[in-house]
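Open your viewer and get ready to select residues by chain and number. We will take the tour one stop at a time.

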Amino acid sequence: MSFESFLIVAAILFCIGLYGALARRNVLAVLMSIELMFNAVNITLVAMAKYLAPAGLQDDISTVLTGQVFAVFIITVAAAEIALGLGIVFAMYRTDETVDLSEAIQMRH
Amino acid sequence: MVSEAVIWSIFLLPLGSFMFAALVVRPLFNRYSLISGLATIGALGTALGLSIWTLRSAILGHHLEFEPLKWLEVGDATIEIGLLVDPLTALMLVVVTGVSLLVQIYSLGYMKGDPSFSRYYAYMSLFTAAMLGLVMSSNIIQLYMFWELVGVSSYLLIGFWHERPSAAAAAKKAFIITRIGDVGFLIAILYLFTQAETFSAAGLNAFHIPDIWMAAQAEAAAGAIIGGTALTWLALGIFAGAAGKSGQFPLHTWLPDAMEGPTPVSALIHAATMVAAGVFLVARFFPVFEHSIDAMTVVALVGAFTAVFAASMGLVMNDIKRVMAYSTVSQLGYMMAALGLGLYAPAIFHLVTHAAFKALLFLGAGSVNHATGTFDMRYMGGLRKVMPVTYVLMFIAGLSLVGIIPLAGFWSKDEILLGAWDGTGLVDTWVNRVTFFSLIVGVVATAFYTMRMIILTFHGEFRGGIDKEIEDRSSDAADDTNHSAHGGIHLHESPLVMILPMLVLGVITVVIGYIANPQWVDEFGIPKHWITAFLSDGLAEAKNAIGHHETLEFSRGMALVSTLAALLGIGLAVLVYLKRRRLVSDILVLVKPVHILLTQKYYMDYLYENLMVRKWFYRVFAGTLDWLEKNIIDGTVDLVGWFFRNIGTAIGKFQTGQVQTYATVIAFAVLAIILALLLVD
C-alpha cells in the first residue's frame, strides 16, 4: 500500500463529503457529510504520520505520533460538534417544523 | 511733567466708568441709572483735567517718551502697548475729553427718562475710552485695535434705539461701509509686517509708529526702508481706512444715515470726534504721506471733491441733522484736502475748531428736537421767539461754520484756504489750484445751507412740529411709524442742564479761533500763531528735522475773498428763504432736475444698495455661489451618498441567507486560490 493510495481514498472521501455538505437540503445529511470530511482528514493525518517524518527524525519514525494524536483530537471534537449540531437541528425542527436548510434563512436580515 | 500713569489714567477713567455702568449699575441698580451718568461725567471731568495737564506738559516741551510694554513678538516685529504723546495727541486728548464731557452733561437732560439711560452712558464711556486709546497709541496694531473699538461703539450708538428698523439698518450700514475702508488699512499693516525683516535689520520695529516715520524718510540714518510705489500704496491703504471713518467720497454714505442715533451721539461721535479719527490717522502718518506726491494728490483731491460734493447735498436736505451731517462730511473734506496739500497744522486746527462749533450745532439741533419733537425743518419755523438762547448759540455756531470773522471757523478755514492758494510744494500746482477753487465753492455752499437751516428752523411761523408731521405722514402714506425720539411738542427753552454745555461750547466757538492762534501779536501770553507752530514743531520733531516749521501769515486778501464767498452764500439764502419765501417754489421748478439729483443724494445710495448690493452682490455674486453650492457641492455630496446606497443594494443581493451557497462559493474560491498557487509555482 503506497502513500498515494491513502491520499486518493481520502480525497475521494473528502469530495463526497463536500458535495453532500453543499448539495443536500436535509440538515442531518449535511451533518453526516461533514463527518465524512472529518474522516477524510483523519485518514490523511494518520497516513502522513506513517509515511512522512519531520526532518531529523527519519530513522525513528515509529516514535512520532503527532498525526495519530491529531486524529484522536479530531474525533473528540467531531463528537462534541455533532452533539451541538444535533441540538441545533432539534431546536430548528421544534420552531420551524422543518429540517430543510434552504428554509433556514432568518439570519439573512 | 506728567507721568506715564497720568496719561494712562486719561484712558482708564472712561473705561472704568464704562465697566461701572455696564457691570454694576445696569444689572444691579438700573432704577438709579442716574448714577451711571454722574459716574461718566466725573470720570470725564477728571480725564479732562489730566488731559489739560498733559497738554501743558507738551507745551512746555517736556520729554514725553515712555518705554512701551512688550506684548507679543511676531517674527521680526514686536507688538507693543505704549504711549505716543506728541502735540497732536495732547491736543486731541483735550478735544475728545472736553467735547465728550460737555455732551455727557447735555445728555443728562436730553436722555432723561429713556429706559436705557445706563446703557447709553456705558456706550458713551466705551466710545470715549476707545477714542482716547486711539489717539495715544504708539503701536499700529494697538491703534488698529482702538480704531475698531471706536467703530463698534459707533455701531452700538447709531443702533441705540434698536427697536427702530431704520436705526438698526443705519448701524449696520455704518459698520459695513467703514469696514470696506478698514480693509485697506489692514492691508497696509500687513504690508508693514511683510517688511518686518528689513525694519529689524535697521534696528526698527515695523509696528512702532515713530519707526514707520523713520522708515519712510529717505535721508534718515536707516535709509529709505519703504519708498517708491510701495510707499504710495501703503499711504493709500491707510487713507482708505481714514476715508471710511471720516466719510470721504465714495465711502460717505453711512454718515448721514448715522443720524438715526440719539442727537448727543451725533454731536460727539459723528461730528466732533470719531469722524475726525480719519483725519487724525492721516495726520499721524503724515511723515509717511508727504514722501509720496501721488498719495498726497489723491488725499487732496478726494478731500476737495468731498468738500463740494457733500455741501451740495446739504443744500436740499429737509432733516436738520442730515444737513449737519453733510456739512460734517464737507468739513472733513476740508481737513483731508488740507492734509493732502501738506497743511498739517491748519488741518488739525480746523479739526479742533470744527469739533467745537459742530458739536454746538448738533446740541442745538437736539435742543430744537426737544421742543418740537421732530427733526424735519419743514415742520419747524419761528423758534427764535421761544428758544432765544438756542437760537443765538446756533446762529453763532452757524456763522462759525460759514467762516465769519472773528468766529473760530473763520481762522481755521482761512489758514486752509491761504495755504491752498500759496501751495506748499508737496503737490503739483494744478492740485493746489483745483483744491483751492473747490474749497471756495464749498464756502459758498456752506454759507447757503447753513443760513437756510437757521432760517427754516428759527424764522418765519411755526409749522406744526411732530403732530403735523405725523398727520401729513399718515395722510400721505400708510407709513405711520413714529420717527421722533421725543414725542409731543412743548415749545419752550430746553432745561439748564442742556443749555449750559451749549453755552460753554458757544464761548469756545467765539474765542478759540483767535485765542489759540493769534494772527498778529502775542495775546494774553499766547504767542503769535501758537497752535499751528505748536503742531508744526511736533511734526518737525517727528521727522527729526531741526528748527521751526513755517507758519502762514494772515492775508487780508484771502480773508476778503473767503468772507465775500461766505456773504454771497448767506445773501442767496436770505434772498431765497427769508425775503421772498414764495420764490422758493419758483426756483425749485427752475432747477428741478438738479434738485431731484441732490435730494436723491446723487443716487449714490441707489447705486450702492440697489445696483451693487442687490443686483450685483446678491444676484450675481451670491447667486453664483448659491448655484455652485446647490449643484456642485451638494451634488458631490449627494453623489457620494447615492453611490454607497446603490452599491449596498447591489451587493445586498448576494446575501441570500442560503448557507450552502456561501459554502459553495468559499469552496470554489479556496480551490481557485490553490490552483493559482500551484500554477504560479
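Which residue in β2(B) does L72(B) stand opposite? Select L72(B), and the residue facing it in β2(B) is I79(B).

Before moving on, a word on the model: it is predicted, so to speak of local features a pLDDT of at least 70 is needed, side-chain atom pairs count only at pLDDT 80 or more, and totals for chains, interfaces and linings use all residues. Residues are numbered from 1 along each chain as its sequence is written, chains are lettered from A and ligands numbered from 1 in the order in which they are written, and side-chain values use heavy atoms, with hydrogens and water left out.

**The hairpin**

Now show residues 69-74 of chain B, strand β1, which runs antiparallel to β2(B) and is joined to it by five bridges. Strands here are DSSP runs of E, at least two residues long, helices are runs of H or I of at least four, and both are numbered from the N terminus; strands pair if DSSP finds at least two bridges between them. Two residues sit between the strands of this hairpin, and G75(B) takes a positive phi near 60°. Next, colour residues 77-81: because four of the five residues of β2(B) are buried, this strand is largely enclosed by the rest of the structure. Buried means under 20% relative accessible area, with a 1.4 Å probe and protein chains only.

**The largest pocket**

Select K173(B), T253(B), D257(B), D605(B) and E609(B), the closest to the centre of the largest pocket among its 46 lining residues. By class, the lining has 22 nonpolar, eight polar and 16 charged residues. Then show α27(B), which supplies the largest share of the lining, ten residues.

**The nonpolar core**

Next, pick M131(B), I140(B), F185(B), F285(B), F289(B) and I320(B), which have the most contacts inside the largest nonpolar core, of 215 residues. Helix α16 of chain B (residues 344-372) gives the most to this core, with 17 residues. Zoom in on I320(B): among the residues it touches, leaving out those up to four places away in sequence, are A365(B), F375(B) and M453(B). Contact means heavy atoms within 4.5 Å.

**Last stop: chain A**

Finish at N42(A), in helix α2 of chain A (residues 27-51). Is N42(A) buried or exposed? N42(A) is buried, with a relative accessible area of 7%.

Methods: Buried means under 20% relative accessible area, exposed over 50%, partly exposed in between (1.4 Å probe, protein chains only). On a 1 Å grid over the protein atoms alone, a cavity is a set of points where a 1.4 Å probe fits but cannot get out, and a pocket is an open set with protein on both sides within 12 Å along at least five of seven lines; lining residues have an atom within 4 Å of a point. Ala, Val, Leu, Ile, Met, Phe, Trp, Tyr, Cys and Pro count as nonpolar, Asp, Glu, Lys and Arg as charged, and the others, Gly among them, as polar. A nonpolar core is a set of buried Ala, Val, Leu, Ile, Met, Phe, Trp, Tyr and Cys residues joined through side-chain atoms within 4.5 Å.
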